[in-house]
Amino acid sequence: MDKLKLYSRNFFDSVDNYYQKFIRTSLTYRKEVIISVVGFAVLSFALFKFVETEFFPNTDESQFTVSVKLPVGTRLEKSVDYIKRVEALIWKDVPETKTII
């Protein structure tokens, strides 16, 4: 267990030392750091128009949902008849229909 503590302490000490050195250097060259960050941001925005990908590409799942609500207490036979009429309308008005679930 002591080896693990020693290893983790050494690791985090080295990370801390590197971070302090990085901050110290950045503060020494403030103007250059700010110019670099702003330059990279401007360059990124300028090159963004050349990226030919979309975050949300258009998709056509070729499906849609129909929800049918009938009054509470409607008999099952009437519900089935009504659904069959809706299905017949879909088959008639949407010729691309292949399946109805």
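**Values and definitions**

Author: Start with the overall extent: the protein chain has a radius of gyration of 33 Å, whereas a compact globule of 101 residues would have one near 13 Å. The radius is taken over C-alpha atoms, and the globule rule is 2.2 Å times the number of residues to the power 0.38. Along its principal axes, the C-alpha trace spans about 80 × 50 × 25 Å. This is a predicted model, in which local features need pLDDT of at least 70 and side-chain atom pairs count only at pLDDT 80 or more, while totals for chains, interfaces and linings use all residues. Residues are numbered from 1 along each chain as its sequence is written, and side-chain values use heavy atoms, with hydrogens and water left out.

Reader: What makes up the secondary structure of the protein chain?

Author: The protein chain has 3 helices and 0 strands, in the pattern α-α-α along the sequence. Helices (H or I, at least four residues) and strands (E, at least two) are DSSP runs, numbered from the N terminus.

Reader: Why is Ser79 called buried?

Author: Buried means under 20% relative accessible area, exposed means over 50%, and partly exposed is in between (1.4 Å probe, protein chains only). Ser79 has 18% relative accessibility, so Ser79 counts as buried. Ser79 is found in helix α3, residues 76-93. Leaving aside neighbours within four places in sequence, Ser79 is in contact (heavy atoms within 4.5 Å) with Leu70 and Thr74. In the protein chain, buried residues make up 5% of the 101 residues.

Reader: Is Leu76 buried or exposed, and how do you know?

Author: Leu76 has a relative accessible area of 62%, and therefore counts as exposed. Leu76 is also found in helix α3. Between Leu76 and Val38 there are 68 Å in space, C-alpha to C-alpha, and the two are 38 residues apart in sequence.

Reader: Why is Ser36 called partly exposed?

Author: The relative accessible area of Ser36 is 37%, so Ser36 is partly exposed. Ser36 lies in helix α2, residues 30-47. Ser36 and Tyr19 are 17 residues apart in sequence and 19 Å apart in space, C-alpha to C-alpha.

Reader: What makes Phe11 and Phe12 an aromatic pair, and why is the pair called edge-to-face?

Author: The structure holds 1 aromatic pair. Phe11 and Phe12 form that pair, at 5.2 Å centre to centre with 70° between the planes. Rings of Phe, Tyr and Trp (its six-membered ring) pair if their centres lie within 6.5 Å; planes under 30 degrees apart count as stacked, over 60 as edge-to-face and the rest as tilted. The pair is therefore edge-to-face.
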